[in-house]
Amino acid sequence: MGLTSCLFDKPDALGSRQLMQTLRLQIYAYLLLLPAFIFLVGFTHYPALATLFDSLMSTPRGSRPAVFVGLDNYQGMIEDPIFWKSLVNNFWFALATIPISIALSITMALWVNDKMTGRQFLRMSYFLPTVLPMIAVANIWIFFYTPGYGLINQVLQAFGFAGQNWLGDPTLVLGSVTVVAIWKEAGFFMIFYLAALQGLSPSYKEAAALEGASSWYFFRRVQWPLLMPTTIFVLVNALINAFRMVDHIIVMTKGGPDNASSLLLFYLYEVGFKFWDQGYASALTAVLLALLAFVGLLQFFVLDRRTHYR
Amino acid sequence: MKHMLSRIALMTAGLCTSAAVLAKTDISFYFPVAVGGPITKTIDQYAADFNKENADYNVVPVYSGTYQETIVKVLTAHKSGKPPTAAILLSTDTFTLADEDAISPIDSFVKTDVDREWLKSFFPAFMLNGQFGNKTWGVPFQRSTVVLYWNKDAFKEAGLDPNTPPKTWAETVSMGQKLTKKDASGNVNQWGIQVPSSGFPYWLFQGFSTQSGAILANAEGNKVQYDDPKVIQALTYWVELSRKHGIHPPGVVEWGTTPRDFLEKKAAMIWTTTGNLTNIRANAKFDFGVAMLPAGTRAGSPTGGGNFFIFKKATTAEQEGAYKFAKWLTQPARAAQWSIDTGYVAVSPAAYETPALKKYAADFPPALVARDQLPFAVAELSTHDNQRVTKALNDGLQAALTGTKTPEQAMKDAQAEATRLLRPFQK
């Protein structure tokens, strides 16, 4: 910003020598940025544009090359009930995972931030789900959810409730995979909140204690506002994860029964790498991209303004 | 000057030929692992043995994950122009691979009478999925089928003859009713029968539909008959095992936990792949039996598992080497040992005549059930645009099993979707 303003604000006032020097500085800056820029273009911008282009083409198969089909792939998407089902599922998945995992992570962070015996152990056990690979834990969760002798049903039956077929019932399956996602995520977000809490000056707490503020009041009026930058960061991550976490779907349900647990990215994977329908998969990617871009912009422009950074 | 140039040219040519004499032809071979056990070690050993016997070739085996991960790898590599020479992939992917113009038919390498004999040596049921358009696109390697496992102790407790499994649909119901046990509050402790339906329910359903006398897809792979009354009848039977007779768990049953359910005595009879035989044998704390699936109007079961494919974009020398490796892998003695090590069905009748497999079967007769069922086995459901056409059926089956649709409605919807998908291939 500083460079451009001195270049364009008052060009008349600058001598040509000064101009040269500024230009050289500019080129220097761009050269320094070049390596990162190449990777950004090669792995982010170019694939995104190529996907947009592919989404307007038919899928090449064997000897038949791709031809331009305009918006046919998008037309097909509007008529595709599984796409809508996955989109709605993803909406509920996001709506449940984001607030619950954030609330849980703050609670856990506040808890293990206190000086108490065994807090190292608690911190570690809260963080443990994050460290484990999703594929592995999903395989374990399958057995938690198993009807009959699964852990959850055993507990339910011990208290006299009827066991459920958690992954085999279309009304329960989305909730069941959402719980796994929250369990996996909350510990990860806790680390950020914990770090932020440790960064808060202890003088706030002392002042609040002197004033006789309740701990809830202290949290609501002091800690929560000061944690806002962390919350923004966590929120962005939680949102991306809500569209990105599909490993456990692949392991636990494969989107079933009858697409009841299919999420957008899972369906995209199926279309792209099981049906090999490149054109339609590109169109789905374009929609996912637009969706994420929209949410991202909303967060940066609306929430950022309301956040107090120190 | 000119003289020197030609000398250099000659020298380079000489270098080239000598290099060609020394160089071995590399044959990259991708394989998935779908059952338990030290499979990668076995395959690596096969490759090493083959390379020792064949100095011209160097087979490089590459473990490539699950079947799904393997096809993703090889098809992506094919699209970028550098596929492996050979791979083991699901036999049902034949249409997909041929439509992508990725594989060469095996027939193009079959030249001598010995080769023709070899191609005829496999069980005919295992060849079905690899052939269409008068060509053989893949040869059987790791093949399986669905069988019934029953808990003999549970049969005894229920007052049934522990050595007689159900042979018909009606017997499944009557025995299942005796085998289903409930506690005081009405929770079921032990189900009579369990047929998994997560992930790929179509495969197990093909047991029911075949027994009902239906064939789901034509050999050309461009027509399906999901709404055939016999298919609906088969699905109704499966649904009613739970909803009417109460001897089968409700909803969709997880494939992965079904063997464990059997071992935990939560299910007295299960349907699953022969590939689970070694696992169940190692972990069952009770006497169990393995039988052919009970018959409806006829006996029947689908085949499953992986075939050996050779890729089109490989060089002729590489393809010839891969072909030689395929023949080497499927020799009766090797097929027999492979079957003993993994639980897969050996691919040729000759393999069952080898001393090793004969001895193994004498010790453990259930190992022969899969072979005995093969005369009644049909091709696994496979069409053009395979995974999508199959998904239409999977969704319909799960909708019916969870009660969101009636069997009629579910199969009519699946048929409509499949018909739409297959239209481009009906020419």
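**View 1. The largest nonpolar core of the predicted model.** The largest nonpolar core contains 119 residues, and B:Ala86 and B:Phe309 have the most contacts inside it. A nonpolar core is a set of buried Ala, Val, Leu, Ile, Met, Phe, Trp, Tyr and Cys residues joined through C-beta atoms within 7 Å; buried denotes 20 or more other C-beta atoms within 10 Å of a residue's own, with C-beta atoms placed from the backbone. Helix H10 (residues 229-243) of chain B gives the most to this core, namely eight residues. Helices are DSSP runs of H or I of at least four residues and strands are E runs of at least two, numbered from the N terminus. This is a predicted model, in which local features need pLDDT of at least 70 and side-chain atom pairs count only at pLDDT 80 or more, while totals for chains, interfaces and linings use all residues. Residues are numbered from 1 along each chain as its sequence is written, and chains are lettered from A in the order in which they are written.

**View 2. Surroundings of B:Ala86.** Beyond its neighbours within four places in sequence, B:Ala86 is in contact (C-beta atoms, placed from the backbone, within 7 Å) with B:Ile27, B:Phe29, B:Phe308, B:Phe309, B:Ile310, B:Phe311, B:Ala322 and B:Phe325.

**View 3. A second core.** A separate core of 49 residues includes A:Phe83, A:Phe93, A:Ala186 and A:Val271.

**View 4. The two domains of chain B.** Domain 1 (25-144 + 304-378) and domain 2 (145-302 + 380-425) of chain B follow an automatic or database domain assignment. Their centres, taken over C-alpha atoms, are 28 Å apart. The contact takes 27 residues from domain 1 of chain B and 28 residues from domain 2 of chain B.

Methods
Two residues are in contact if their C-beta atoms, placed from the backbone, lie within 7 Å. A residue is buried if 20 or more other C-beta atoms lie within 10 Å of its own, exposed if 12 or fewer, and partly exposed in between; C-beta atoms are placed from the backbone.
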